[in-house]
Amino acid sequence: MDIERNLPLTEALFYILLSVRGPNHGYGIIQEVEKLTHGRLSLGPGTLYGAIQTMTARGWIRIYSQEKNSRRKKEYVVTELGKEIFRQERKRLEELLRNAELMEGEENGRDNDQVQDIF
Amino acid sequence: MAETMTRFRISFDKDAETVWLNDMAAQGYAMTGFFMGFFTFEKCAPGEYLYQVDISEGMFRVSGDYRQFMAEAGVEIVSLWGYWVMLRRRAEMGPFELYTDVESTIEHYRKIRKLFKVVVVIEFLLLMFNTYMMSLKGDVSGMDIVSWVVLGGLIAGLVREMFRVNHILVELYERQGRPPEGLMLQGRKVSVLLSAGLLLNFAVLIFQGSVWPPVRTALQMAAVVLMAVGLWRTWGRGGRSGE
């Protein structure tokens, strides 16, 4: 699969992948995302359900445990492919952040020549 | 005040329905059941529940996965009707929105649009069959007219709702920075063709007795062509570009 085609990740997909770095279940993912974003991002159950179905189908995450007769909740965990996608996205985000510093440079009163010297 | 209450309401607009259910819950009536347009309510503490309407994966059913998932998130499946899932959650658990980003909201409305497309086409075929049978019989009973008006009304309602959903989708695509693919323009054109076709057909049926048969047939054919072209314009091409 062409990884580039799936980037950039939506914010929801990014945080869901991150939340299943270890096995996690549906509601646990919602809570984890809220914790990571200090309550800024609260995934709706419809959004999360759809994302999990899509990512399972694409092989980015897989079912980790499912015991029919117990009350255990269905858990999901990231796959190697999912990790690779996440790494690519991280690279892209790092580039974004690096370039974002150019803006700060201007605010601090430096001119463009100096900024170019830095890099 | 009564402990339970029944209200009749027909609407294709799931967003208006959601607002209405939440209004009722705010007044102390929690929806507990639905059957063919009849909503059953039970008394609850005002504002005890928040309601949402989702579209299901299959008719009158949702997957075990979906059930488990919703249950875990504190969401109760109140009713399954056709492709609609009516859900509620206790308000104390916080705001209740099913879809919280543009991407999944687009997916949601596209599913709805797809469903309406299929239903409209089926009902349109039924209407055509109905009209054909009437023209074969030669005379039109009151019952024929009633069923024709009901079907026509349903189609008109569904088409109107499709335009509303289309409009929402165009706005969502714009927020994403994607071009709306000329959906709006196409929609407006179709609206005129379809309504013209429906009106003409209706007029022919009503004045059937007083129109010279060959003219009647010609007018009916014209109406059928108008409606068919209207349908093709919207869902033959527009549908594909939306996929």
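Tutor: Happy to! The second largest cavity holds about 50 Å³ of space. Bear in mind that the model is predicted. The count of cavities of 30 Å³ or more comes to two.

From chain A, the lining of the second largest cavity takes A:Gly26, A:Lys74 and A:Tyr76, while chain B supplies B:Asp65, B:Gln68, B:Phe69 and B:Glu72. The element that gives the most to this lining is helix α2 of chain B, residues 64-72, with four residues. Sorted by class, the lining has three charged, two polar and two nonpolar residues.

Now follow α2(B) to a helix of the other chain. Helix α3 of chain A, residues 45-58, has an axis that comes within 11 Å of the axis of α2(B), and the two cross at roughly 140 degrees. The crossing of α3(A) past α2(B) is right-handed. On the α3(A) side, the contact is made by A:Pro45, A:Gly46, A:Leu48, A:Tyr49, A:Ile52 and A:Gln53, and on the α2(B) side by B:Asp65, B:Tyr66, B:Phe69 and B:Met70. By class, the residues of this contact are seven nonpolar, two polar and one charged.

Helix α1 of chain A, residues 11-19, packs with α3(A) at an angle of about 70 degrees, and their axes are 11 Å apart. The pair α1(A) and α3(A) is therefore roughly perpendicular. Here α1(A) brings A:Ala12, A:Leu13, A:Ile16 and A:Leu17 to the contact, and α3(A) brings A:Thr47, A:Leu48, A:Ala51 and A:Met55. The classes in the contact of α1(A) with α3(A) are seven nonpolar, one polar and no charged residues.

A cis peptide bond, with omega about -10 degrees, joins A:Leu7 and A:Pro8. A:Pro8 sits in the segment before α1 of chain A.

Chain B has its own backbone detail. B:Met36 is not a glycine, yet its phi is positive, about 45 degrees. You will find B:Met36 in the loop between β2 (29-35) and β3 (38-43) of chain B.

For a further helix pair, stay in chain B. Helix α3 of chain B (residues 102-137) and helix α4 of chain B (residues 142-176) pack with axes 9 Å apart, at an angle of about 155 degrees. That makes α3(B) roughly antiparallel to α4(B). Their crossing is left-handed. The contact of α3(B) with α4(B) has 23 nonpolar, seven polar and nine charged residues.

Note on methods:
Residues are numbered from 1 along each chain as its sequence is written. Chains are lettered from A and ligands numbered from 1 in the order in which they are written. This is a predicted model: local features need pLDDT of at least 70, side-chain atom pairs count only at pLDDT 80 or more; totals for chains, interfaces and linings use all residues. Side-chain values use heavy atoms; hydrogens and water are left out. On a 1 Å grid over the protein atoms alone, a cavity is a set of points where a 1.4 Å probe fits but cannot get out, and a pocket is an open set with protein on both sides within 12 Å along at least five of seven lines; lining residues have an atom within 4 Å of a point. Grid points are joined across faces, edges and corners, and a volume is the space filled by probe spheres set on the points. Ala, Val, Leu, Ile, Met, Phe, Trp, Tyr, Cys and Pro count as nonpolar, Asp, Glu, Lys and Arg as charged, and the others, Gly among them, as polar. Axes are lines fitted to C-alpha atoms, for helices over the stretch in contact, and angles run from 0 to 180 degrees between N-to-C directions. A crossing is left-handed if the near helix is turned anticlockwise from the far one by less than a right angle, and right-handed if clockwise. Contact means heavy atoms within 4.5 Å. Angles under 35 degrees count as roughly parallel, over 145 as roughly antiparallel, 65 to 115 as roughly perpendicular and the rest as oblique.
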